[in-house]
Amino acid sequence: MVDVLAVSPHLDDAALSCGATLAHWAAEGRDMLVYTAFAGLPEPPFPPAAQRFHELWDLRDDPVRARRAEDTEAMGALGVKGVHGPFLDAIYREGGDEADVAGELERELVKLVEAYRPRLVLGCSALGRHKDHLMARDATVRAAVTTGVPLRLWEDLPYGIWTRELPPLPLGREWGPAVVIEPSVDAWRAKRDAVGRYLSQHAMLRYGEAPIEEQLDRHARGPVGGPVFAEQMWTVVP
Ligand code: CO
């Protein structure tokens, strides 16, 4: 059994989006499991678009294995357990049936919920509408509804810095009230530490801007720079 099952689309999303909440709850003694869906190991030859990402990441030979190692360190920094799913990131999925992947992921998540019996399932809200985030979110909502486990969807970061448009939910579900979590200073520090471990992603996350940790700090204090760091998630209502 675990207290919380968090379903992360990619190797970094859970830490970026709600890492401090995870660290805070872990420090309170709750058992946390982070399942990263699109962490499957691709086989070469890689599609050209994927090769461009590999150059940006400075990872050419076995890029996802290297990213898994970063994630294992990051999860350790948060004090949570990380598990890597077998599904290929969108940049490696060519010509396959997307509906098949979505269905398989949903079945996998139902199995995970049945095996671990979490009290709460966390997923992403798909702010920014990344294809993998939408697929992971919809599968998470469907699995939570099927199994009757309470669900919250986190603010995808850094996407949430530039968009507030929550994409419509599946199964006729509606967005409920937002929940703001104010993690401890130590938990915020653990998040910064965890985010720092995803070295390969830093060039991309910097995005011509400040280092990702600074962007997250600024966003978490709100537009007026409040004294408290916060993370945000939403409830889902029928
Ligand atoms: Co992502």
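## The largest pocket

Four helices each give at least two residues to the lining of the largest pocket: helix 1 (13–27), helix 2 (48–57), helix 6 (159–162) and helix 8 (202–206). Keep in mind as you look around that this is a predicted model. The volume of the largest pocket comes to about 470 Å³. It has 20 lining residues, and those closest to the pocket's centre are Phe53, His130, Tyr159, Gln201 and Met204.

What kinds of residues make up the lining of this pocket? Twelve are nonpolar, four are polar and four are charged.

## The cobalt site

Next, have a look at the metal. His10 (ND1), Asp13 (OD), Asp13 (OD) and His133 (NE2) coordinate the cobalt ion, at 2.1 to 2.6 Å. Asp13 sits in helix 1 and His133 in helix 5 (residues 131–147), so to speak a link between distant parts of the chain, 120 residues apart. Written as a pattern along the sequence, the spacing of the donor residues is H-x2-D-x119-H.

Are Asp13 and His133 buried or exposed? Both Asp13 and His133 are buried. As for geometry, ideal angles for four tetrahedral donors at a metal are 109.5 degrees. Here the angles among the four donor atoms of the cobalt ion run from 54 to 144°, and the site is irregular. To count as tetrahedral, four donors need all their angles between 85 and 135 degrees.

Now pick out strand 4 (residues 120–124). Why is strand 4 described as largely enclosed by the rest of the structure? The reason is that five of its five residues are buried. In a regular strand, side chains alternate between the two faces of the sheet. In strand 4, Leu120, Leu122 and Cys124 point one way, Val121 and Gly123 point the other way, and all are buried.

Strand 4 has partners to trace as well. Strand 1 (residues 4–8) runs parallel to strand 4, joined to it by three bridges, and Leu5 stands opposite Val121 of strand 4. Strand 5 (residues 151–154) also pairs with strand 4 in the parallel sense, over four bridges. There, Trp154 of strand 5 stands opposite Cys124.

## A cavity inside

How many cavities of 30 Å³ or more does the structure hold? The count is one. The largest cavity holds about 60 Å³ of space.

Its lining is made of His10, Leu11, Phe38, Ala39, Gly40, Trp57, Val64, Arg67, Asp89 and Tyr92. Those residues of the largest cavity's lining split into six nonpolar, two polar and two charged.

Ala115 counts as exposed because its relative accessibility is 56%, which is over the 50% cut-off. Gly103 counts as buried because its relative accessibility is 18%, under the 20% limit.

Distances along the chain and through space can be set side by side here. Ala115 and Leu22 are 93 residues apart in sequence, and their C-alpha atoms are 20 Å apart in space. For Gly103 and Met75, the separation is 28 residues in sequence and 27 Å in space, again C-alpha to C-alpha.

Where do the cis peptide bonds turn up? One runs from Pro44 to Pro45, with omega near 5°, and Pro45 is in the loop between strand 2 (32–36) and helix 2. Another cis bond goes from Leu157 to Pro158, with omega near 10°. Pro158 has its place in the loop between strand 5 and helix 6.

Positive phi values are worth a glance as well. Asp58 is not a glycine, yet it has a positive phi of about 60°. Asp58 lies in the loop between helix 2 and helix 3 (63–78), and it is exposed, with a relative accessible area of 56%. Leu171, also a residue other than glycine, has a positive phi near 60°. You'll find Leu171 in the loop between helix 6 and strand 6 (174–181), where it counts as partly exposed at 40% relative accessibility.

Key:
Residues are numbered from 1 along each chain as its sequence is written. This is a predicted model: local features need pLDDT of at least 70, side-chain atom pairs count only at pLDDT 80 or more; totals for chains, interfaces and linings use all residues. Side-chain values use heavy atoms; hydrogens and water are left out. On a 1 Å grid over the protein atoms alone, a cavity is a set of points where a 1.4 Å probe fits but cannot get out, and a pocket is an open set with protein on both sides within 12 Å along at least five of seven lines; lining residues have an atom within 4 Å of a point. Grid points are joined across faces, edges and corners, and a volume is the space filled by probe spheres set on the points. Ala, Val, Leu, Ile, Met, Phe, Trp, Tyr, Cys and Pro count as nonpolar, Asp, Glu, Lys and Arg as charged, and the others, Gly among them, as polar. Donors are N, O and S atoms within 2.8 Å of the metal (3.2 Å for Na, K and Ca); water is not among the atoms, so sites may look incomplete. Four donors count as tetrahedral if all angles lie between 85 and 135 degrees; four count as square planar and six as octahedral if opposite donors are over 155 degrees apart and all others between 65 and 115; anything else is irregular. Buried means under 20% relative accessible area, exposed over 50%, partly exposed in between (1.4 Å probe, protein chains only). Two strands pair if DSSP finds at least two bridges between them.
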